[in-house]
Amino acid sequence: MAEAAPEPCDLLLRGAAVVSWEGATPEGADAVAVGDGRVLAVGRADDLARRFAPRATTTLDGGLLAPAFVDAHTHPVFAAERAEEFDLKCRGASYLEVAAAGGGILASVRAVRAAGEDELAARVVRNLRRMQRHGTLTCEAKSGYGLSVADELKSLRALARAADEVGVTVLPTFLGAHAVPEEFRDDPDRYVDVLCEEALPAVVEEGLARAADVFVEEGAFSVAQARRYLERARELGLALRVHADQFHALGGVELAVELGAESVDHLEALTDAGLEALALSRRTFAGLLPVVPHFCAMGRDAPARRLIQAGVPWFVATDFNPGSSYTPSPPEAAHFARRRLGLSAEEALRGVTEHAAASLGLADRGRIAPGAVADLVHLDLPGVASFGYALGENPVRALWRAGRPVPVQP
Ligand SMILES: [Zn+2]
């Protein structure tokens, strides 16, 4: 019987073990065919070479070919580092003590307010490039260091410009409720009014965010304030993501579940009741941010294994920010997910690809399957077991965004 004529395709990548997350992927798959920016097929190189007539072929020298990372919780819109504050923390000051001393989030707010939009966009470009060279081609990115209507809009505009310039897919989240700004310290409810009546409508009007987020914590926002803000955001058509149970369980988890939030992140102080609410929901993702307890020298971690056993959907993210998790690297977050949360290497890799994409409603990335966007990363690792093992080395060797090579800067 005559063989069918080979199908044209744009690119055949071969020579690396493919981590696809698809049960249908043949054993020993070491090649991916790409056309029109999408994955056409995954399989053994010899089979795909017969099936396709590629316009270009790239042969890799071993390692893993995985879905490019999806970082589902980041804060890259900052204008200055907070190295002095890290020094204070290393000498024993707690997160809440640093914040009370005028450091923390409000220090980043002063720097963002002082920066013009061009200067801020240039900083965000640098931050997104740092994320990109560690393998991230899609991220959820939050504002939240402006904390005035004008400075939050400036932050989200700078983010959109930087995303275009760098070539990273950014899903922007409005985090106007990150902290209570100094000028509203004596009347935080009035700040929530400003968020609900002015900021959220302005953000939606300009199409600058797809989601809204709030930090439910002592010294930040109460459950009642968060409810008002999140209900307003939902009414305006935004998806919801929530920071809760980082230091204190105030009921933010239960609120997130009740309002159908996409995710509730941190969870180091999660209670049995919060875990039960998440387990009953099975819709709101648990966002695991395992670098933060390391960075803040916290003794407590999110109960990842209990969440997984209870059937709660989950992801792993860097929480890249200058205060409590200063790393743009998903492989490094995976290290802490393994070491501190007890995740396996495979779970950690799924956490920063497939699960992270699912938490953002992205069905066509985070895995390598026919029809998925061909966002791919070549990792210099001998096998999945090595993912998140080494610290301080970037395993990323090459990246393709929608099937086109992305130059990876050292
Ligand atoms: Zn965060």
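Biologist: Hi! Which residues does Val-18 touch, not counting residues up to four places away in sequence?
Modeller: Hello! This is a predicted model. In it, Val-18 touches Thr-25, Ala-29, Asp-30, Val-32, Val-42, Leu-65 and Ile-368 once residues up to four places away in sequence are set aside.

Biologist: And is Val-18 buried or exposed?
Modeller: Val-18 is buried, because 26 other C-beta atoms lie within 10 Å and the cut-off for buried is 20 or more. Val-18 belongs to strand β2, residues 17-18.

Biologist: What about Leu-376, how many residues along the chain separate it from Val-18?
Modeller: They are 358 residues apart along the chain, yet their C-alpha atoms are separated by 10.0 Å.

Biologist: Back to Val-32, then. Which residues is Val-32 in contact with?
Modeller: Leaving out neighbours within four places in sequence, Val-32 is in contact with Leu-13, Val-18, Val-39, Val-42, Leu-65, Ile-368 and Leu-376. Val-32 and Leu-288 are the residues with the most contacts inside the largest nonpolar core, which has 138 residues.

Biologist: Nice. Which helix gives the most to this core?
Modeller: Helix α7, residues 188-205, with 7 residues. The core also draws at least three residues from each of domain 1 (7-67 + 367-406) and domain 2 (69-359).

Biologist: How far apart do the C-alpha centres of those domains lie?
Modeller: The centres of domain 1 and domain 2 are 31 Å apart. Their contact takes 18 residues from domain 1 and 22 residues from domain 2.

Biologist: What supplies the domain 1 side?
Modeller: β6 (64-67) and β16 (396-401) each supply at least two residues there, and the largest share, 3 residues, comes from β16. By class, that side of domain 1 has 13 nonpolar, 2 polar and 3 charged residues.

Biologist: New topic: helix α10. Which of its residues are buried?
Modeller: In α10, residues 272-281, the buried ones are Gly-274, Ala-277, Leu-278 and Ser-281. They cover an arc of only 95° around the axis, so they sit on the same side of α10.

Biologist: Why might spacing like that work?
Modeller: An α-helix has 3.6 residues a turn, so residues three or four places apart point the same way.

Biologist: What covers the buried residues of α10?
Modeller: The cover includes α9 (252-258), β13 (285-288) and α12 (304-309). Just after α10, Arg-282 takes a positive phi of about 55°.

Biologist: Last one, the whole chain. How many helices and strands does the chain have?
Modeller: There are 15 helices and 17 strands. The radius of gyration is 21 Å, close to the 22 Å that the globule rule gives for 410 residues, so the chain is as compact as a globular protein of that length.

Biologist: And what share of the chain is buried?
Modeller: Buried residues make up 56% of the 410 residues. Among contacts between residues at least 6 apart in sequence, 71% join residues at least 24 apart.

Key:
Residues are numbered from 1 along each chain as its sequence is written. This is a predicted model: local features need pLDDT of at least 70, side-chain atom pairs count only at pLDDT 80 or more; totals for chains, interfaces and linings use all residues. A nonpolar core is a set of buried Ala, Val, Leu, Ile, Met, Phe, Trp, Tyr and Cys residues joined through C-beta atoms within 7 Å. A residue is buried if 20 or more other C-beta atoms lie within 10 Å of its own, exposed if 12 or fewer, and partly exposed in between; C-beta atoms are placed from the backbone. Helices (H or I, at least four residues) and strands (E, at least two) are DSSP runs, numbered from the N terminus. Domain bounds come from an automatic or database domain assignment. Two residues are in contact if their C-beta atoms, placed from the backbone, lie within 7 Å. Ala, Val, Leu, Ile, Met, Phe, Trp, Tyr, Cys and Pro count as nonpolar, Asp, Glu, Lys and Arg as charged, and the others, Gly among them, as polar. The arc is that of the directions from the helix axis to the C-beta atoms. The radius of gyration is taken over C-alpha atoms; the globule rule is 2.2 Å times the number of residues to the power 0.38.
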